[in-house]
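Visitor: Please take me closely through the aromatic pairs of this model, and through the surroundings of one of them.

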Amino acid sequence: MSLSRRDLVGSFAAVAAATLAGTAHAGDKKQGTSPLPASGTPAAAPAAAAAPASGPFVLPALPYADTDLAPAISQNTLAFHYGKHHQGYLNKLNELVAGKEWADKSLEAVMKGTYGTDKLPLYNNSAQVWNHTFYWQSMKKGGGGAPGPGKLSDAIKASFGDGDGLKKELTQAAVSNFGSGWAWLVQDAEGKLKVLKTSNADNPVVMATGRPLLTIDVWEHAYYLDYQNKRAEYVAAWLDKLVNWSWAESQMA
Ligand code: MN
C-alpha cells in the first residue's frame, strides 16, 4: 500500500467521502512501496486538527481520538503534535511543491528523490510528514505489553533473545539519540530485526537501512509538555502503555 497523496486524507468530510467511495486509491499509478495505510477510518478528529489542506498533500486522520493515549501522552501533547507540528510540515510541503513537478509525485517519491540533495526543505518536510504518519500507527490505545505469538514474537526472540532485550535496545537508542530524531525497529533484508536511531527527519526508508516496523519520536515536542526533559520516562511509558505490536507485525515482509 502506498502513502500517495490521495491516501493522505485529512478532513472528516474527505475521509468520509473517500471511505464511502471505496475506490480512492485503486489504480493510483503513483503507488510506491510504503507500508502506510490508506485513509482508514478515523476514530475522531481532534479539536486542534487542521484546516483542510490547500495543495496536493493532505494530512491523514489520526487512527484514534486525541484523548486515547492519555495519560502516557496527554490530549494536549497529541493535539499540538498532530494539529500543529504534523500539520505544519504538511502545509510547508504543499507550499514547497506548489507549481513544481514534485506536486504530482507520491510522498515517498518526494522524500526519496530529495534525500541527500540540496533540496533540504523539501526533504525535511516530506520525510517528517511520512515519519509522523508512521509514528501515529506505531501506538494504540491500550498498547504495550508483549506481542502475541506469531512471526513478530519469533523474530524478536531470534534477534534480541526476548522482549526485554528488544525494549532495552529501543530504550537505549531513543534515550541516547542526541538532539532531535527518531528510534526505529526495522527488519533487514535477511529478515532479522534491528534497532536504529536517526537524526532530524531521516528515516530508514530513504537511508535504505531496513523496513520500518515501529518508530518512537524523540523530538522534544513529542514529550516536553508531559515529561519536560525526562525523555527516558516518556520512552518507558511509550513501551509500557502505547506500543502497537500488531502494527509492527503487519509491517513485516
Ligand atoms: Mn514529532
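Guide: Tyr135 and Trp182 are both buried, where buried means under 20% relative accessible area, exposed over 50% and partly exposed in between, with a 1.4 Å probe and protein chains only. The model is a predicted one, in which local features need pLDDT of at least 70 and side-chain atom pairs count only at pLDDT 80 or more, while totals for chains, interfaces and linings use all residues. Residues are numbered from 1 along each chain as its sequence is written, and side-chain values use heavy atoms, with hydrogens and water left out.

Rings of Phe, Tyr and Trp (for Trp, the six-membered ring) pair if their centres lie within 6.5 Å, and planes under 30 degrees apart count as stacked, over 60 as edge-to-face and the rest as tilted. By this rule there are eleven aromatic pairs. In one of them, the centres of Tyr82 and Trp136 are 6.0 Å apart with the planes at 70 degrees, so the pair is edge-to-face. This pair joins distant parts of the chain, since Tyr82 lies in helix α2 (residues 75–97) and Trp136 in helix α4 (residues 120–137), 54 residues apart; helices (H or I, at least four residues) and strands (E, at least two) are DSSP runs, numbered from the N terminus.

Tyr135 and Trp182 also form an edge-to-face pair, at 6.1 Å centre to centre and 75 degrees between the planes. Here helix α4, with Tyr135, is linked to strand β1 (residues 181–187), with Trp182, across 47 residues. Ring pairs join Tyr135 and Trp182 into a cluster with Tyr82, Trp130, Phe134, Trp136, Trp184 and Trp247.
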